[in-house]
Amino acid sequence: MTDLHEVADNIFVVRQKAGMGGIKPPMNIYVLAGHNGLIFDGGYGTRHDIQHARKSIEAIQQRFEEQGKVCHIGRILPSHTHPDHFSGLKGMRKELGLSVLLTKKMAERITSAAIYRQSYADPEGEQGVFSHRQSGLRKFMHQQLSRFYYNKIFGVTFLSNPDELIEEESKIDINGETWDILSGHGHCDDHIMLYRQEAGILLAGDNVLRSITTWLGPPRSNLEDYINTLERIKKLPGLTRILSAHGSPIENPVERVEEIIQYRHSRTEEILNIVRAAGQKGISFHRLLETVYPGEGSMRRALVEGWVIVTIQYLEEKVRIRREDDGKTVRFVCTDG
Ligand SMILES: [Zn+2]
């Protein structure tokens, strides 16, 4: 018997289990069940994950049948193209006969492994500033390892032929109700969210999580976009509940979003203060990271450095800090020093 978790009227969550310690976090797939239903988020794509999702969805359909109600779930839409959100699309389409809905941006990204990898390539000139000098062999090992993890553990599967292209900032009919497709960039540059004012419910993907901090990192995260997304969520009329891609529902959405905005603000100030304290000679990225995470090994720092880079880029855009390049090292200098 598959457990059914109904988190709102006719909205069920399928919980994909965590694995491999923190490498594969637990993931929520939402099933908006009814006569013209939709699944929000693709989840993981291993055989096990797909079978589990299929069984859960069949159990939802069975419950509807027992209650004499029609349940047809024919569509699946991911929130964004991070591996835990799109990998299950192809398998779910095959298993459940779904149509895959994507925005144009998403469709371009997940066409193939090569194209997907390209979207993570460092922009010209940025590589030297933020990258750690790794030996060729270490880099190669690292790449092989992450490829292994992604393919085997996440079940990453690419998809070149979506069934329908949809627009950001548009509306979609789900079970006879109109939902807004809101763009919500920042964590990822193709992130969308689903909102229905009458129900007060936002499906926020990774943008707002109840108990953990949303990951940020280059090149597809942008701090200003993220703050704008959070500000927009805070102002959504009638918002009472956020359903997130990871963790349990958020019943105090405005408070939680405000908390995240304040947190990002304080971490931005922290970076600015470190740069300011370095005075006119400035500080390299490497030294800055050591100051934020003293005593951490380089592996650990490499895992958490994303938000620091995104915050530096934000402060540069705002002309709060600037770069000085002496041909050997790039240093960051505070503009109000
Ligand atoms: Zn994500």
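The buried residues of helix 3 pack against helix 1, strand 5, helix 2 (83-86) and strand 6 (99-103). Here helices (H or I, at least four residues) and strands (E, at least two) are DSSP runs, numbered from the N terminus, and contact is counted when C-beta atoms, placed from the backbone, lie within 7 Å. This is a predicted model: local features need pLDDT of at least 70, side-chain atom pairs count only at pLDDT 80 or more, and totals for chains, interfaces and linings use all residues. Residues are numbered from 1 along each chain as its sequence is written.

Which residues of helix 3 are buried? They are L89, K90, G91, M92 and R93, where buried requires 20 or more other C-beta atoms within 10 Å of a residue's own, exposed 12 or fewer, and partly exposed anything in between. After helix 3 comes G97, with a positive phi near 65 degrees.

Now to the sheet: seven strands form an open sheet in the order 1-2-3-4-5-6-7, with mixed pairing, a pair needing at least two DSSP bridges. Strand 1 (5-8) and strand 7 (164-166) are at the edges with a single partner strand each, so one side of each has no neighbour in the sheet. Strand 2 (residues 11-16) and strand 3 (residues 27-32) run antiparallel, joined by six bridges; I11 has L32 as its bridge partner in strand 3.

Two non-glycine residues deserve a look. D41, in the loop between strand 4 (37-40) and helix 1, has a positive phi near 95 degrees and counts as buried because it has 25 C-beta neighbours inside 10 Å. E169 has a positive phi near 60 degrees, but counts as exposed, with 9 such neighbours inside 10 Å.

Note on methods:
Contact = placed C-beta atoms within 7 Å.
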